[in-house]
Amino acid sequence: MRTICFYFQVHQPFRLKPYRFFDIGEDHHYWDDFLNRNVIRKVAQKCYLPMNTLLFELINQYRGKFKVAFSLSGTFLDQMEAYAPEVLESFQKLVATGHVELLNETYTHSLASLKSKEEFQALVRKHQERIKELFGGYTPKVFRNTELIYSDQIGAMVADMGYEAILTEGAKHILGWKSPNYVYSSANVQKLKVLLKNFLLSDDIAFRFSNKTWADYPLTTEKFVNWINAIPKEEQVLNLFMDYETFGEHQWEETGIFEFMRHLPEAVFKHSNFSFSTPSEVAAEVSPVSKIHVPVPISWADEERDLTAWLGNDMQDEAFDRLYELEKLVRNIDDPEIKRDWGYLQTSDHFYYMCTKFFSDGSVHEYFSPYDTPYDAFINFMNVLSDFMLRVKQKTAALQS
Amino acid sequence: MRVLMFGWEFPPHISGGLGTACYGLVKGMNHHNQQVIFVVPKLWGDEEPMADFVNASDVRIDYREKRFKKFWKNLTYLEVSSFLVPYLGPEEFKKFTDYAIHDRTDVDESIFSNKFEFSGKYGKNLLEEVSRYALVAAQIARDKDNFDIIHAHDWLAFPAGIAAKEISGKPLVVHVHATEFDRSGETVNQPVYDIERAGMHAADHVVAVSQLTKNIIVRKYGIPASKITVLHNAVLDASIIKSEYEKKVPEKIVTFLGRITFQKGPEYFVEAAKKVIDRDPNVRFVMAGSGDLLNRMIDRVAELRMATRFHFTGFLKGDDVDHMYAISDVYVMPSVSEPFGIAPLEAVRHNTPVIISKQSGVAEVLRNAIKVDFWDVDAMADAIFALLHYDGISRMFKELGSEELKKLKWEHVAAKLVTVYEKTLAERS
């Protein structure tokens, strides 16, 4: 069996509003409702709605032989429900076809896997429940961690929770001479299968598609099928993992990205012996070739494929450590608003905005950031966190008295 | 006494402390019934009619006057090489370069016209405006004969003062509110330094805003101490400000408020904050303002892992400045070099105890404040801790500080200035 496994990440953070020092202690609403709503509405029009329609058509046209997987973050689900219910409906319609798989992740697209097992598992369970509730009792079997962050240790935590497989990056420094186009098993827990992203072919679609200085521009379905035919025969699985916003948002409609996707299944079926599978099908049908050792966490971000987009500079580390100092206190507080804000503040994007790696991947960071500079991002986050700390302190004091 | 005074800005259109000081001084002179002809590059029309104002932009230059030749020469000479921009912060610099690139098309023609529209700001073509201002001053000095003495404020008006003196033969007093060494440290802007030095040497007498500034003038500009008089600045309004604004956080607040630049010593405030927070975590530090060292300070605060206790507000304007003073429990001004420094007096008006560096002129007049060397972060931390925890001392500073403020009146300054004029005129004759 040779198969292509498409997985799309759908995530939107709750962005913070400009929160001033003078607001600390007084204003407890942190979220930029206007901006967040606008982003969701805009991306819904450009990407979510047209691409969902296209996928629905393709699934019907090929009677389920074409299939994809999604991971929908909880912060995305919440915003979709509030700002674009028609998008939620269209996702429900897709899942109802039976040919769309949903993955689990942490509810708030958090970095908790690097800090606290307890918090990590709580956020995963919350995501499970929410998916179940919104998609007619659907229970995901495969896990994907925030930004495809993975290590042996994270693999063990995920296996503990009963998942069959986990997705991550086919990072060069982990694979060495090995190919990402196989199924591997986790180093510590044999039964957990690890699916690796083929970043060359994934990024040809996600990043290079409209790049006119790229030698292979323009990318056509013929070209793409030629490339996958050139993959050595014994390599079985091609994992194409990317942000869903690739379609219509990062690559605009005018680039022809929708037409490319519309015709890709046909070209694959006609000119190659590849089929399409979802991650759980791959995990069930393909046996692992070997163990993969990942002692230090990897991710799918930037050239380094490590954690330096979110953690590592002083601002990021300070913000991250101060936030998680509150974990135990928050757990004891039974207040829905504290719990909600605690979750939303963990979203990885807040730390991404504080990244100072200007020169290598800065342009990508800038594209995604609502702030002018990482310093602004840090100040704003810390002002909010300072207020949140005061609230946690007050609630804790109330509990004790 | 009739004084022909050259300034650069006048309230309400000011961007720095110079305009405020000129306002106070003129007000003080009025109190003693002295006549002041006050020249500014640009008048806006809404200035308080407290002097005989002359708008330099309205003065028509008689370019046939042979005695003006020298000033013309300066002008054409400077026109070529004035990419130097003293006084400009990063935001302003952007504004002015935008202005220079997009809006300014009049350069070539304006040299030969006999009237010049000054911007009166601190723009890219500042040096050009400064020397053109001198030309206007020469014209005014030729046309007017109803003054006894010339008084020029800071280097921007020094060439004007020199020109007026040369044309009229009347004595010149230059007033130093800040030197290039305060603005730039040891790496001075040479053309600006040269103008300052020329002004001080051409003057019959020099007025400095503090002993600190006087020492710099003696040491760096080669002026004999006997030619310099120290006249400290005063405050326009010494009344206590009662703010309705209330603090929203339970902790005490220690504030730095000013430009975040080398001159203001922000890094010493950050280091002192760390020492205090290590001892007492129930304090919040606030750095209010903007400047080229802001990002470096943010990095340092994150590195010291105290960002939930140390906050940045960005540039504050209007009511926010008052609110900031109002909620502060301690105000710190750790300036590396501050000719005077009016901000601590504002803090005193808000009943906030202050810590100031010994390297500030205001330390010479404010007795009821803690004074530390700007580099001595241990002493600064001790002082902050003491003012936060020992109510006795902070209460004392609050009471005595406001008493002291009431004595800092511009009419006293003006009275002393009149004696300086009289002495200068007497030495002449």
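A residue counts as buried if 20 or more other C-beta atoms lie within 10 Å of its own, and as exposed if 12 or fewer do. The legends below apply that cut-off to a predicted model.

**View 1. Two arginines of chain A with positive phi.** Arg305(A) lies in the loop between strand E12 (290–292) and H11 of chain A. Its phi is near 55°, a positive value in a residue other than glycine. Arg305(A) is buried because 22 other C-beta atoms lie within 10 Å. Arg63(A) also has a positive phi, near 45°. This arginine sits in the loop between helix H1 (33–61) and strand E2 (68–72) of chain A. Arg63(A) has 8 C-beta neighbours inside 10 Å, so it counts as exposed. Most residues other than glycine have a negative phi, and most peptide bonds are trans.

View 2. In chain A, the bond from Tyr217(A) to Pro218(A) is cis, with omega near -5°. Pro218(A) belongs to the loop between helix H7 (199–206) and helix H8 (221–229) of chain A. In chain B, the bond from Pro11(B) to Pro12(B) is cis, with omega near 5°. Pro12(B) is placed in the loop between strand E1 (2–6) and helix H1 (17–31) of chain B.

**View 3. The contact between chain A and chain B.** Chain A brings 19 residues to the contact and chain B brings 15 residues. On the chain A side, helix H11 (314–324) and helix H16 (374–400) each supply at least two residues. H16(A) gives the most, with 9 residues. By class, this side of chain A has 11 nonpolar, 3 polar and 5 charged residues.

View 4. Chain B has 16 helices and 13 strands. Of its 429 residues, 47% count as buried. Among contacts in chain B with a separation of 6 or more, 71% join residues 24 or more positions apart. The domain assignment gives domain 1 (2–234 + 410–428) and domain 2 (252–406). Their contact takes 17 residues from domain 1 of chain B and 14 residues from domain 2 of chain B. Helix H7 (180–184) and helix H9 (211–221) of chain B are the elements that give two or more residues to the domain 1 side. That side has 5 nonpolar, 10 polar and 2 charged residues.

**View 5. The largest nonpolar core.** This core has 249 residues. Which residues have the most contacts inside it? They are Phe378(A), Ala137(B), Ile355(B) and Ile384(B). Helix H5 (residues 126–143) of chain B provides the largest share of the core, 11 residues. Beyond its neighbours within four places in sequence, Ile384(B) is in contact with Val254(B), Ala272(B), Val276(B), Val330(B), Val332(B) and Ile355(B).

View 6. Strand E11 (residues 330–333) of chain B pairs with E12(B) in the parallel sense, over 3 bridges. Here Met333(B) stands opposite Ile356(B). The chain passes from E11(B) through helix H13 (residues 343–349) of chain B to E12(B), a β-α-β crossover that is right-handed. E12(B) also pairs with strand E13 (residues 370–372) of chain B, again in the parallel sense over 3 bridges. In this pairing, the bridge partner of Ser357(B) is Val372(B) in E13(B).

**View 7. The surroundings of Met200(B).** Met200(B) is part of helix H8 (residues 190–202) of chain B. Buried or exposed? Met200(B) counts as buried, because it has 22 C-beta neighbours inside 10 Å. Leaving out residues up to four places away in sequence, Met200(B) touches Val174(B), Val206(B), Ile217(B), Tyr221(B) and Ile223(B). Met200(B) and Ile223(B) are 23 residues apart in sequence, with their C-alpha atoms 7.3 Å apart in space.

Note on methods
Residues numbered from 1 in each chain as written. Chains lettered and ligands numbered in written order. Predicted model: local features only at pLDDT ≥ 70, side-chain atom pairs only at ≥ 80, totals over all residues. Domains from an automatic or database assignment. Contact = placed C-beta atoms within 7 Å. Helix = DSSP H or I, 4+ residues; strand = E, 2+ residues; numbered from the N terminus. Nonpolar A, V, L, I, M, F, W, Y, C, P; charged D, E, K, R; others polar. Core = buried A, V, L, I, M, F, W, Y, C linked by C-beta atoms within 7 Å. Pairing = 2+ DSSP bridges. Right-handed = clockwise from strand over helix to strand, strands pointing away.
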